[in-house]
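Here is a structure to read together with its sequence.

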Amino acid sequence: MIFGTDGIRDIGAQGLLSAESLDRIGLALCEHLRRIESSTQKILIAMDTRVSGPEIESLITATLHREGVSTIHAGVIPTPAVSVLLAGGVADLGLMISASHNPPEFNGIKVLDNKGEKLSVEAEAQISKDYDRLQSWGVCYSRLKNGNHSIEDQKIDETLGQTYLNSLLSSFPEGEFLAGTKVVVDAARGAACHWAEEAFRRAGAEVFLIHGDPDGELINVGCGSLNPKVLSEEVVNRKADLGIALDGDADRALFCDHNGGLLDGDDVMAIWALHLKQQGKLEPPVVALTVMSNMGVEKFFNEHGIEVLRTPVGDREIAIALKNSGGQLGGETSGHIIHRSMAATGDGIRTGLSVALCLKESGRTLSELRGQFDRFPLKQRTIKIEYRPDFESLAILGATMTEAEKALGQQGRIVVRYSGTEPLLRILVEAESEELSQHWIERLLQSARSEASLGTLTEVL
């Protein structure tokens, strides 16, 4: 598989994102298009602000044009904007050139179908097979050799971003529904730099934008959803009602209250889902959470008559669970939250507007609404690894995992997994007591270090 949990990803201009590989990816995507009935052979392409983005766009566009596929270029817009535009019928397929929350040197390609949804695992597997098959045939990169590609073919359609904003705001009350609300937005120097501020201003909010300069060399660096401390300080200094931190492609959002207190996706889900249920708008009364969500929030939902659907990690898994159950709301602790009746994918700007509206309609502050559930003590560690062997081959770590699961029973749980986008091993332990959580996280870390097949390990702070 060339796809991880969130598209194709690598260091810019290297590996999967090298010139030859991008040519093969483009050819494999053309094969995928040919399998779509009534295809117009048209692809929408957008990106975040990363330095390597324009070159990736140019290379893959050249391949697509060489194969007779036309392209529409939206420039720098959020990933959820691509989803909304596809659902509106602008193209058969969408490519978002982004590495989301990853550091600036990374980049990637997220592929969305004509409904604005992530591709199915089966479709990704077939594209990956085509990619390998084309390699075996000796297909290699030829940048403009056999095509008529030129810079004019990549002319940006400036109206597409506004189409997204209009669609986004149309799902909220008319007019300035956030009038009187003061908000700080951290755009992470990424895809939301222009669009987030405009969305909140059109909603009537007083907006203070930080890290709003589109800078591909510093995207996500010391800012955004992975670095919310600066946001907290700015909210307190500005005496704002809340702060919203987006990531590089604006499909996730985390928050802080007017005191600077941080909220994660579990907090947001608890606030939003309960607000919808109280308004009779959470039908059926279910939410989808990944295995990373705290056991405390699951207990909270059950106490309020809301069924919890647990899924593997990834917003695609959340979307599938909602689609199969008929549910509307689901999300991850990282801030990927989907309201399926409004959009097919997570949208950080939409989540920000929705949480601000919850405050406005309830007449309460975010600090009053947060902390509605008691969290189970949770420990998480991330280890940088060299190799990713099958878990079945990790005898030492596997034995400790089995021992931990048996000891914790129904009073806790563990999650050990590889990152879907980086060479990382993630370990999570949740238990009724701090002591148990600490004990088992240390045991699991020790066991991981004993697995020579993982290579040299470095713990990430």
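Q: Which residues of helix α10 are buried?
A: In this predicted model, helix α10 spans residues 315-325, and its buried residues are Asp315, Arg316, Ile318, Ala319, Ala321 and Leu322. Just after α10 comes Gly326, which takes a positive phi of about 80 degrees.

Q: Why does Asp6 count as buried?
A: The relative accessibility of Asp6 is 8%, and a residue is called buried when this value is under 20%; Asp6 therefore counts as buried.

Q: Where does Asp6 lie, and what does Asp6 touch?
A: Asp6 lies in the segment before β1, the strand at 8-11. Leaving aside residues up to four places away in sequence, Asp6 touches Ser100, Lys110, Lys118, Asp251, Asp315 and Thr421. Contact here means that heavy atoms come within 4.5 Å. One of these partners, Asp315, is also among the buried residues of helix α10.

Q: What makes β7 and β10 edge strands?
A: The open sheet has five strands in the order β7-β6-β8-β9-β10, with mixed pairing. Strands β7 (206-210) and β10 (262-263) each pair on one side only, and they are the edge strands.

Q: What makes β6 and β7 a pair?
A: Two strands pair if at least two bridges are found between them, and five bridges join strand β6, residues 182-186, to β7; these two strands run parallel. Within this pair, Val183 stands opposite Val207 in β7.

Q: How do you know that β8 and β9 are paired, and which way do they run, parallel or antiparallel?
A: Strand β8, residues 242-246, is joined to β9 by five bridges, where at least two are needed for a pair; the two strands run antiparallel. Leu242 stands opposite Asp257 in β9. The two strands form a hairpin with six residues between them, and Ala250 in the turn has a positive phi of about 65 degrees.

Q: How many bridges join β9 to β10?
A: Two bridges join β9 to β10, which run antiparallel, and the requirement for a pair is at least two. Phe255 stands opposite Leu263 in β10, and the hairpin formed by β9 and β10 has four residues between the strands, with Gly260 in the turn at a positive phi of about 90 degrees.

Q: Why is strand β9 described as mostly covered?
A: Strand β9 covers residues 253-257, and five of its five residues are buried, each with under 20% relative accessible area. Ala253, Phe255 and Asp257 point one way from β9, while Leu254 and Cys256 point the other way, and all are buried.

Q: How do you know that the radius of gyration agrees with a compact globule?
A: With 461 residues, a compact globule would have a radius of gyration near 23 Å, and the protein chain has 22 Å, which agrees. The C-alpha atoms fill a box of roughly 65 × 60 × 40 Å along the principal axes, and buried residues make up 57% of the 461 residues.

Q: What do the contacts of the protein chain join?
A: Among contacts between residues at least 6 apart in sequence, 72% join residues at least 24 apart.

Technical notes:
Residues numbered from 1 in each chain as written. Predicted model: local features only at pLDDT ≥ 70, side-chain atom pairs only at ≥ 80, totals over all residues. Heavy atoms only, no water. Rg over C-alpha atoms; globule rule 2.2 N^0.38 Å. Buried < 20%, exposed > 50% of the residue type's maximum accessible area, 1.4 Å probe, protein only.
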